[in-house]
Amino acid sequence: MKILIACARFPEHGMKGDQIRARLLSELLSGDHEVTVVTGGRPSSAAALSELDRLATVIAVRVGRVERALGALFALARGRPLQVGWMTPPKLWGQIVSEAQRADVALVVTIRCLPLALPVPTVLDHIDALSLNMRHRAHLERRLPVRAAARLEARLLAAHERRVAP
């Protein structure tokens, strides 16, 4: 089976939870399947890239801060969460969609990496409910502008989670 793993950050051990999870899933699935990883992240080292290259075809899309910022603004203009636009700007999303067309199934790591539905059966690994996470952050934040932004992002994330992954 051809499996696409889409992840915003580069899959590797010893990093953030979504990176570790994507790396472990790559390991587990590569034994019996043809795995392609599409990511907008950069590996922490040449060794990390080499390790993942042994398991899967790796397509690392280089995305700069300006592209990410524009992606976030583009997402917000469409009523989507800033995090989704920042983590999966159009250049990365285009590559994910392109690779999905050649896959039998897509495994997407976090809602941040799924702006819209993909053209293949899709498994979404939420890891965390980001809308709840952002709502908690809003309650803990003392600065009014940051608290207001976190509340808005929490609402956008909750709506996006319902829309993309009912």
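Helices H1 (residues 17-30) and H2 (residues 46-55) pack with their axes 9 Å apart, at an angle of about 30 degrees. That makes H1 roughly parallel to H2 (angles under 35 degrees count as such). Axes here are lines fitted to C-alpha atoms over the stretch in contact, with angles running from 0 to 180 degrees between N-to-C directions; helices (H or I, at least four residues) and strands (E, at least two) are DSSP runs numbered from the N terminus. On the H1 side, Arg23, Ser26, Glu27 and Ser30 meet Glu51, Leu52 and Leu55 of H2, contact meaning heavy atoms within 4.5 Å. By type, the residues of this contact split into two nonpolar, two polar and three charged.

All this comes from a predicted model, where local features need pLDDT of at least 70 and side-chain atom pairs pLDDT 80 or more, while totals for chains, interfaces and linings use all residues. Residues are numbered from 1 along each chain as its sequence is written, and side-chain values use heavy atoms, leaving out hydrogens and water.

Over in helix H7 (residues 144-164) sits Glu153. Glu153 is buried but has no salt bridge, and the nearest oppositely charged side chain, Arg112, is 7.1 Å away. Buried means under 20% relative accessible area with a 1.4 Å probe, protein chains only; a salt bridge needs a side-chain nitrogen of Lys or Arg within 4 Å of a carboxyl oxygen of Asp or Glu. Beyond four places in sequence, Glu153 contacts Pro81, Leu82, Gln83 and Met134.

Cys113, in the loop between strands E4 (105-109) and E5 (122-125), is buried too, at 0% relative accessible area. Its C-alpha atom lies 6.1 Å from that of Cys7, 106 residues away along the chain.

Methods:
Buried < 20%, exposed > 50% of the residue type's maximum accessible area, 1.4 Å probe, protein only. Lys, Arg positive; Asp, Glu negative; His and termini not counted. Parallel < 35°, antiparallel > 145°, perpendicular 65-115°, else oblique. Nonpolar A, V, L, I, M, F, W, Y, C, P; charged D, E, K, R; others polar.
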